[in-house]
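Student: I would like to go through the labels used for this model and ask what each one rests on. Can we take them in turn?

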Amino acid sequence: MTVTYVIDGSGITGLDSFWDVFGEAVNGPGGFFGRNLDAFADCLGGGFGTPEDGDFVVEWRDHARSALALGHEETARRLERLLPRAHPTNRARLERELAEARAGRGPTLFDQLVGIITDRTRPGTLRLM
């Protein structure tokens, strides 16, 4: 039986609220699976809230609002938080990505999250509404 996880995009105001909304959709009230992109990818792979057989759908409602909230400004904020603790070999790349995000260019957090969902799940799992 296919499980449907409903993501209410109207409640997403940034990355922190996305983690809350997604965690609750998958694991119920107060649901938690981690608060980073790697934990998100692991959760989608099964066994951390999602079925191990991958038989689920992510229905992302009001995704356009989420796309704005998880846009370049929020992407830049995330990169700014990562930069001070980044390994020296990654700093130049993060600085380039930060400059792009500040200029309103390049992939956004929304793009990255959608990419993780489509890469880690079966075709048709993500429904943007």
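Tutor: Start with R93 and E97, whose closest N and O atoms are 2.8 Å apart. Keep in mind that this is a predicted model.

Student: Why is the contact between R93 and E97 called a salt bridge?

Tutor: The cut-off is a side-chain nitrogen of Lys or Arg within 4 Å of a carboxyl oxygen of Asp or Glu. R93 and E97 are at 2.8 Å, N to O, and form a salt bridge. Both residues lie in helix 5 (residues 88-102), four residues apart, about one turn of the helix.

Student: What makes R93 partly exposed?

Tutor: Buried means under 20% relative accessible area and exposed means over 50%, with partly exposed in between. R93 has 36%, so the label is partly exposed. E97, at 31%, counts as partly exposed by that rule.

Student: How do you know that D16 and R35 meet in a salt bridge?

Tutor: The N to O distance is 3.9 Å, and the limit is 4 Å. D16 lies in helix 1 and R35 in the loop between helix 1 and helix 2, so the pair ties together parts that are 19 residues apart in sequence. D16, D20 and R35 are linked in a network of salt bridges. The whole structure has nine salt bridges.

Student: Why is R78 said to have no salt bridge?

Tutor: The nearest side chain of opposite charge, E97, is 5.8 Å away from R78, and a salt bridge needs 4 Å or less. Leaving aside neighbours within four places in sequence, R78 is in contact with L15, L37, L109 and Q112.

Student: How do you know that the buried residues of helix 6 line one face?

Tutor: The buried residues are L109, F110, L113, V114, I116 and I117. Seen down the axis of helix 6, they fall within an arc of 155 degrees, so they line one face of the helix. What covers them includes helix 1 (15-27), helix 2 (37-44) and helix 4 (72-82).

Student: Which residues touch the most other members of the largest nonpolar core?

Tutor: That core has 28 residues, and F18, F22, F40, W60, L70 and L113 touch the most other members. Strand 1 (3-8), helix 1, helix 2, strand 2 and helix 6 each supply at least two residues. Another core, of seven residues, lies apart from it, with A76, L83, A86 and L94 among them.

Key. Residues numbered from 1 in each chain as written. Predicted model: local features only at pLDDT ≥ 70, side-chain atom pairs only at ≥ 80, totals over all residues. Heavy atoms only, no water. Buried < 20%, exposed > 50% of the residue type's maximum accessible area, 1.4 Å probe, protein only. Arc of directions from axis to C-beta. Contact = heavy atoms within 4.5 Å. Lys, Arg positive; Asp, Glu negative; His and termini not counted. Core = buried A, V, L, I, M, F, W, Y, C linked by side-chain atoms within 4.5 Å.
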